[in-house]
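Reader: Could you take me through this structure, one part at a time?

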Amino acid sequence: MSSGPTAESPIYGPFFGVMGAASAIIFSALGAAYGTAKSGTGIAAMSVMRPELIMKSIIPVVMAGIIAIYGLVVAVLIAGSLEAPPTYSLFRGFIHLGAGLAVGFSGLAAGFAIGIVGDAGVRGTAQQPRLFVGMILILIFAEVLGLYGLIVAIYLYTKQ
């Protein structure tokens, strides 16, 4: 085994792994932040007229926060397996990049969906309380998009 970079393990190989870890947390945190902000503005607007519903309306914000946890898990997994070029192949770098992008972009999409549904849902629930169960179901379907990205990312991660 050589002591320096090889054709299979070039010096720039870990760059892709680092970008995968960064993509996982950056994009999933962006989705979570958007979901929190959008749902939060709906909660604030709704709570002016119906302050008793504030705690019940926090659910979309909690669900948006979970999206960031998915990205954090994958980012920590990738960062924990980064190594110097002789032992870190270009293949592993690409796998880690793919895993980070999978969870990151699906988390971004899920966060957008949670934010939009959460905003409209809490405002609508203030006017028609029977809308609450429907809002929760739609939020679950939006949240599972991020979970699908996590599953794919973990599956990719295990292929190294």
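This is a predicted model: local features need pLDDT of at least 70, side-chain atom pairs count only at pLDDT 80 or more; totals for chains, interfaces and linings use all residues.

Reader: Please start with α2. What is its end-to-end distance, and what should it be?

Author: Helix α2 covers residues 59-80, and its end C-alpha atoms are 32 Å apart. This agrees with expectation, because 22 residues at 1.5 Å a residue should span 32 Å.

Reader: Which residues of α2 are buried?

Author: They are Pro-60, Met-63, Ala-64, Ile-67, Tyr-70, Gly-71, Val-74, Ala-75 and Ile-78. Viewed down the axis of α2, these buried residues fall within an arc of 140 degrees, so they line one face of the helix.

Reader: Why would residues three or four places apart point the same way?

Author: An α-helix has 3.6 residues a turn, so residues at that spacing point the same way.

Reader: What covers the buried residues of α2?

Author: The cover includes α1 (13-49), α3 (90-127) and α4 (131-157). On the face turned away from the buried side, α2 carries the exposed residues Val-76 and Gly-80.

Reader: Turning to the record, which residues does UniProt list as "transmembrane region"?

Author: An unreviewed UniProt entry lists residues 12-37, 58-82, 94-119 and 131-157 under that name. In the model, residues 58-82 are 88% helix and 0% strand, with end C-alpha atoms 37 Å apart. Residues 131-157 are 100% helix, and their end C-alpha atoms lie 40 Å apart.

Reader: And which domain spans does UniProt list?

Author: The unreviewed entry gives "V-ATPase proteolipid subunit C-like" for residues 19-78 and 97-156. The span 19-78 is 85% helix, and its end C-alpha atoms lie 10 Å apart. For residues 97-156, the helix content is 95% and the end C-alpha atoms are 10 Å apart.

Reader: Now Asp-119. Is it buried or exposed?

Author: Asp-119, found in helix α3, is buried, with a relative accessible area of 10%; the cut-off for buried is under 20%.

Reader: What does the side chain of Asp-119 reach?

Author: The side chain reaches the backbone nitrogen of Gly-42 at 3.4 Å. Not counting residues up to four places away in sequence, Asp-119 touches Lys-38, Ser-39, Thr-41 and Gly-42.

Reader: Lastly, where is Met-135, and what is it in contact with?

Author: Met-135 is in helix α4 and counts as buried at 3% relative accessibility. Leaving aside neighbours within four places in sequence, Met-135 is in contact with Val-117, Gly-118, Gly-121, Val-122 and Thr-125. Thr-125 is 10 residues from Met-135 in sequence, with 8.2 Å between their C-alpha atoms.

Notes:
Residues are numbered from 1 along each chain as its sequence is written. Side-chain values use heavy atoms; hydrogens and water are left out. Helices (H or I, at least four residues) and strands (E, at least two) are DSSP runs, numbered from the N terminus. The expected span of a helix is 1.5 Å times one less than its number of residues. Buried means under 20% relative accessible area, exposed over 50%, partly exposed in between (1.4 Å probe, protein chains only). The arc is that of the directions from the helix axis to the C-beta atoms. Contact means heavy atoms within 4.5 Å. UniProt positions are given in the numbering used here, feature names are shortened, and annotations may be inferred rather than shown by experiment. A polar contact is a pair of N or O atoms within 3.5 Å; within protein, one must be able to donate a hydrogen and the other to accept it, and residues adjacent in sequence count only if both atoms are side-chain atoms.
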